[in-house]
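Please keep the viewer open as you read.

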Amino acid sequence: MVVNAAGPWSGQLNRLAEVGGDFTVGLRSLRQEVHHVAGTQVTLAARRMPGLRVPNKPHGVAGVYDVTDDRTPVYARTDLDGLYVAIGTSGNKFKHAPLVGRLTTTLIHGVEGGHDHDRSGLTHTYEHTGQTIDLGTFSRRRRPASSTGTVL
């Protein structure tokens, strides 16, 4: 088994493996810049203290994320036997990695055990709460949900 969890390169990896043509949700890389200035609420402080200068050069970082059209990840099998994906995480699922591993494990065991996840979504039962989640929500063939276009 191979799981494509290549982040911003996941789409390229899918193309190399010649999979993804049956996805109903789009996937793309997104560059996001985050800027900051030194200090807390610098502009407000500068209005009250004229001697305080606001830096004229922002500092920041840029990151590249993999996002889906509806900002919901794809945890699914592909049409290539043995290749699964855990992609489209928008960079915001880093802290969810242990859970994503469990969801993907449930998916792999179910599909490899003969379950047709494309026809009937598998469910995962959370270890600590006993609650269940329908893994069909993250299907590669789902109808994209309406979205604000953000990770929120």
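**Overall build**

Please bear in mind that this is a predicted model. The protein chain holds three helices and seven strands. Followed along the sequence, these elements come in the order β-α-β-α-β-β-β-α-β-β. Of its 152 residues, 32% count as buried. The accessible surface is about 10000 Å², and carbon and sulfur atoms account for 54% of that surface. How far apart in sequence are the residues that touch? Taking contacts between residues at least 6 apart in sequence, 62% join residues at least 24 apart.

In soluble globular proteins, nonpolar side chains tend to be buried together. Here the largest nonpolar core has eleven residues: Tyr75, Tyr84, Ala86, Val100, Leu103, Leu107, Ile108, Val111, Leu122, Leu135 and Phe138. Strand E5 (83-87) and helix H3 (97-112) each bring at least two residues to this core. Which element supplies the largest share? That is H3, with five residues. There is also a second, separate core of six residues, and among its members are Phe23, Val74, Ala76 and Val85.

Searching the whole structure turns up one aromatic pair. The partners are Tyr75 and Phe138, whose ring centres are 4.9 Å apart; their planes stand at 50 degrees, so the pair counts as tilted. Tyr75 belongs to strand E4 and Phe138 to the segment after strand E7 (132-134), so the pair ties together parts that are 63 residues apart in sequence. Are these two residues buried or exposed? Tyr75 counts as buried because its relative accessibility is 5%, under the 20% cut-off. Phe138 is buried too, with a relative accessible area of 12%. Both residues are listed in the core of eleven.

The surroundings of Phe138 are worth a look in the viewer. Setting aside neighbours within four places in sequence, Phe138 is in contact with Thr72, Pro73, Val74, Tyr75, Ala76 and Ile133. Val74 and Ala76 are among the members of the second core.

Asp70 sits in the loop between strand E3 (59-68) and strand E4 (74-77). With 5% relative accessibility, Asp70 counts as buried. What does the side chain of Asp70 make polar contacts with? One partner is the side chain of Thr68, at 3.0 Å. Another is the side chain of Arg142, at 2.9 Å.

**Salt bridges**

Side chains of opposite charge can pair when their charged atoms come close. In this model the count comes to nine salt bridges.

| Salt bridge | N to O distance |
|---|---|
| Asp81 and Arg77 | 3.7 Å |
| Arg77 and Asp118 | 3.3 Å |
| Arg102 and Glu127 | 3.9 Å |

Arg77 is buried, with a relative accessible area of 17%.

Arg102 lies in helix H3 and Glu127 in the loop between E6 and E7, so the pair ties together parts that are 25 residues apart in sequence. Arg102 counts as partly exposed, with 42% relative accessibility, and Glu127 is exposed, with a relative accessible area of 60%.

**Bringing it together**

How values were computed:
Residues numbered from 1 in each chain as written. Predicted model: local features only at pLDDT ≥ 70, side-chain atom pairs only at ≥ 80, totals over all residues. Heavy atoms only, no water. Core = buried A, V, L, I, M, F, W, Y, C linked by side-chain atoms within 4.5 Å. Buried < 20%, exposed > 50% of the residue type's maximum accessible area, 1.4 Å probe, protein only. Helix = DSSP H or I, 4+ residues; strand = E, 2+ residues; numbered from the N terminus. Contact = heavy atoms within 4.5 Å. Areas by Shrake-Rupley, 256 points an atom, 1.4 Å probe, with all protein chains shown as cover. Polar contact = N/O pair within 3.5 Å; in protein donor to acceptor, adjacent residues only side chain to side chain. Phe/Tyr/Trp six-rings, centres within 6.5 Å; stacked < 30°, edge-to-face > 60°. Salt bridge = Lys/Arg side-chain N within 4 Å of Asp/Glu carboxyl O.
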